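Here's a quick briefing to read alongside the model. Have the sequence and the 3D view open as you go.

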Amino acid sequence: MAEDTITALATAWGEGGIAIVRVSGSESAAVVDKIFRAKRRFSEQPARCMTLGTLHTKDGTLFDEVLAVRFERGNSYTGEESAEIHCHGGALSAQRCIEELCSLGARMALPGEFTRRAFINGRIDLAQAEAVADLISAEGRQAARAALSARDGALYRRAEAVADALTGYAARLAA
């Protein structure tokens with residue numbers, strides 16, 4: 001997908017031990033390379049392996065020690081090249097990380113944009129995309145369980161079984 005690189009907080013805003021900043025798009029590793037420092041450049045880190053490093057502003061000022069992970073195209077939630085930066089919790093570090101990423105070429109993701117990209121890239125179907133929203137807004141265990149079932153494709157499989165049965169009936173009628 002030839003869209004711009006986006007970033008947003010993947011965890012809820014507020015106090016907590018960890019805040020995860022997600023980056024997705026063809027330039028995600030290149031943008032993270034500009035603020036993340038470790039033994040190797042971020043773009044050269046093995047995919048799906050957490051790496052300890054530090055975050056720095058454009059002028060080189062250290063502002064957090066973090067863990068970061070890189071995902072190759074086709075092996076991320078969105079299906080695009082992606083990254084996650086696990087900052088210290090609270091709003092300050094994550095907000096600064098997002099601001100730096102945006103100043104270096106990424107832009108703020110719109111609500112639901114990571115899931116929209118997952119749908120467009122064929123990682124999930126429409127029912128699964130809707131189930132993600134349902135899971136996020138679930139207020140009870142039963143609602144969460146139903147959303148997870150839909151997210152795992154249960155609705156799609158049931159609809160496919162009905163469609164297959166109808167096709168079989170139509171073939172018999174035609175014969």
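A polar contact here is a pair of N or O atoms within 3.5 Å; within protein, one must be able to donate a hydrogen and the other to accept it, and residues adjacent in sequence count only if both atoms are side-chain atoms. This is a predicted model, where local features need pLDDT of at least 70 and side-chain atom pairs count only at pLDDT 80 or more, while totals for chains, interfaces and linings use all residues. Residues are numbered from 1 along each chain as its sequence is written, and side-chain values use heavy atoms, with hydrogens and water left out.

**S28 and its surroundings**
- S28 sits in helix α1 (residues 28-33); helices (H or I, at least four residues) and strands (E, at least two) are DSSP runs, numbered from the N terminus.
- A polar atom of the S28 side chain lies 3.5 Å from the backbone nitrogen of S82.
- S28 counts as buried because its relative accessibility is 0%; buried means under 20% relative accessible area, exposed over 50%, and partly exposed in between (1.4 Å probe, protein chains only).
- Leaving aside residues up to four places away in sequence, S28 touches T5, V23, E81, S82 and A83, with contact meaning heavy atoms within 4.5 Å.

**Strand β5 and its partners**
- Seven of the 10 residues in strand β5 (residues 62-71) are buried, so the strand is mostly covered.
- Strand β4 (residues 51-56) pairs with β5 in the antiparallel sense over six bridges; two strands pair if DSSP finds at least two bridges between them.
- G53 has V66 in β5 as its bridge partner.
- Five residues separate β4 and β5 in their hairpin, and G60 in the turn has a positive phi of about 95 degrees.
- β5 also runs antiparallel to strand β6 (residues 82-88), joined by five bridges, and A68 stands opposite I85 in β6.
- L67 belongs to strand β5 and is partly exposed, because its relative accessible area is 36%.

**Helices α3 and α4**
- Helix α3 (residues 113-120) has E113, F114, T115, R117 and A118 as its buried residues.
- After α3 comes G122, with a positive phi near 80 degrees.
- L126 lies in helix α4 (residues 126-137) and counts as partly exposed because its relative accessibility is 49%.
- L126 and R116 are 10 residues apart in sequence, and their C-alpha atoms are 9.1 Å apart in space.
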